[in-house]
Amino acid sequence: MAEHPFLKHLREDHEEQKKLGKQLIDASSPEEREKMRQKFYEELYPHMVGEEASMFKRLKGADDEEIRGDALENLQEHHVAKIVLRELMDLETDSEVFKAKAKVLDELNRHHLEEEEKEAFKHLQKLCSDQELSELFEQYEQAEEKAKEE
Ligand SMILES: [Fe+2]
Ligand SMILES: [Fe+2]
């Protein structure tokens, strides 16, 4: 059975994040770093906000304790990623810790993406009908759109 468009969309975003994360780490000139961190931010931040307003809102309210626990853990990962992302955005692009911070952010994010795809997506598929997934997709897009203006 084909994957629901919502999950397919999130998975494609993840692939883009991994690609941009690598380019961010490899960026060495200040101009390149400025450009890449902005691109990475625009890809990652609205995605996280969108997930929080849809997928995680649903999973946090699940009856199953394990599903709720996993969702809370994933949300803590968003929390930490946002802090490190904010620090990276505020950093001088010639800072000696720029590459190290970018690397840690990318590692955190890759670990998070893997857990989402392995656990959160499965939970969502288990709990939700196609109709509900489509509704969550709409909620995701609305929140993502709003977050792009932040
Ligand atoms: Fe996420
Ligand atoms: Fe995600």
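1. Lys148 sits in helix α6, where a helix is a DSSP run of H or I of at least four residues, numbered from the N terminus. Although Lys148 and Glu43 are 105 residues apart in sequence, their C-alpha atoms are 9.4 Å apart in space.

2. A word on the basis of this note: the model is predicted, so that local features need pLDDT of at least 70 and side-chain atom pairs count only at pLDDT 80 or more, while totals for chains, interfaces and linings use all residues. Residues are numbered from 1 along each chain as its sequence is written, and chains are lettered from A and ligands numbered from 1 in the order in which they are written.

3. The protein has six helices and zero strands, a strand being a DSSP run of E of at least two residues. The radius of gyration, taken over C-alpha atoms, is 16 Å, close to the 15 Å that the globule rule gives for 150 residues, so the protein is as compact as a globular protein of that length; the rule itself is 2.2 Å times the number of residues to the power 0.38. Of the 150 residues, 33% count as buried.

4. Helix α2 has 24 residues and reaches 34 Å from its first C-alpha to its last, close to the 34 Å expected at 1.5 Å a residue, where the expected span is 1.5 Å times one less than the number of residues. Its buried residues include Arg33, Met36, Phe40, Leu44 and Tyr45, and what covers the buried residues of α2 includes α1, α3 (55-60), α4, α5 and α6 (130-148).

5. The largest nonpolar core has 15 residues, and among those that touch the most other members are Leu24, Met36, Phe40 and Tyr45; such a core is a set of buried Ala, Val, Leu, Ile, Met, Phe, Trp, Tyr and Cys residues joined through C-beta atoms within 7 Å. The elements giving two or more residues to this core are α1 (5-26), α2 (30-53), α4 (65-90) and α5 (98-127), and the largest share, six residues, comes from α2.

6. Leaving aside neighbours within four places in sequence, Tyr45 is in contact with Leu85 and Ala147, contact meaning that the C-beta atoms, placed from the backbone, lie within 7 Å. A second, separate core of 14 residues includes Met55, Leu59, Ile67 and Phe137.

How values were computed. Buried ≥ 20, exposed ≤ 12 C-beta atoms within 10 Å, placed from the backbone. Contact = placed C-beta atoms within 7 Å.
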